[in-house]
Amino acid sequence: MLNWRIIVGLALLFFCIKELYTIMGNSVKASPVYAEVGCFIWMGAGTFLVIRGMTKKPD
């Protein structure tokens, strides 16, 4: 059963992976390390929400 945690987690994962590929594909002169770290943090949050949504018992 899908709940809001799974939906938000999947959305975070999808958009962060898309943004990470965009950052890696662009040739920028500055180091995109901070943007990549931010993407990984939000991907971690999305993964946490998906796992939490799948293991949470229904009320």
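Visitor: Hi! Which residues does Met43 touch, not counting residues up to four places away in sequence?

Guide: Met43 touches Leu13, Cys16, Ile17 and Leu20, where a contact means heavy atoms within 4.5 Å. This is a predicted model, so local features need pLDDT of at least 70 and side-chain atom pairs count only at pLDDT 80 or more, while totals for chains, interfaces and linings use all residues. Residues are numbered from 1 along each chain as its sequence is written, and side-chain values use heavy atoms, with hydrogens and water left out.

Visitor: Which residues make up the largest nonpolar core?

Guide: There are seven: Leu13, Cys16, Leu20, Ile23, Cys39, Met43 and Val50. Such a core is a set of buried Ala, Val, Leu, Ile, Met, Phe, Trp, Tyr and Cys residues joined through side-chain atoms within 4.5 Å. Buried means under 20% relative accessible area, exposed over 50%, and partly exposed in between, with a 1.4 Å probe and protein chains only.

Visitor: And which elements give two or more residues to this core?

Guide: Those are α1 (4–25) and α2 (33–55). Helices (H or I, at least four residues) and strands (E, at least two) are DSSP runs, numbered from the N terminus. The helix α1 gives the most to this core, with four residues.

Visitor: How many helices and strands are there altogether?

Guide: The chain has two helices and zero strands.

Visitor: OK, back to α1. Which of its residues are buried?

Guide: Arg5, Ile6, Gly9, Leu13, Cys16, Leu20 and Ile23 are buried in α1. Viewed down the helix axis, the buried residues of α1 fall within an arc of 125 degrees, so they line one face. That arc is taken from the directions from the helix axis to the C-beta atoms.

Visitor: Why do residues three or four places apart point the same way?

Guide: An α-helix has 3.6 residues a turn, so residues at that spacing point the same way.

Visitor: What do the buried residues of α1 pack against?

Guide: They pack against α2. On the other side of α1, Trp4, Ile7, Phe14, Phe15, Tyr21 and Gly25 are exposed.
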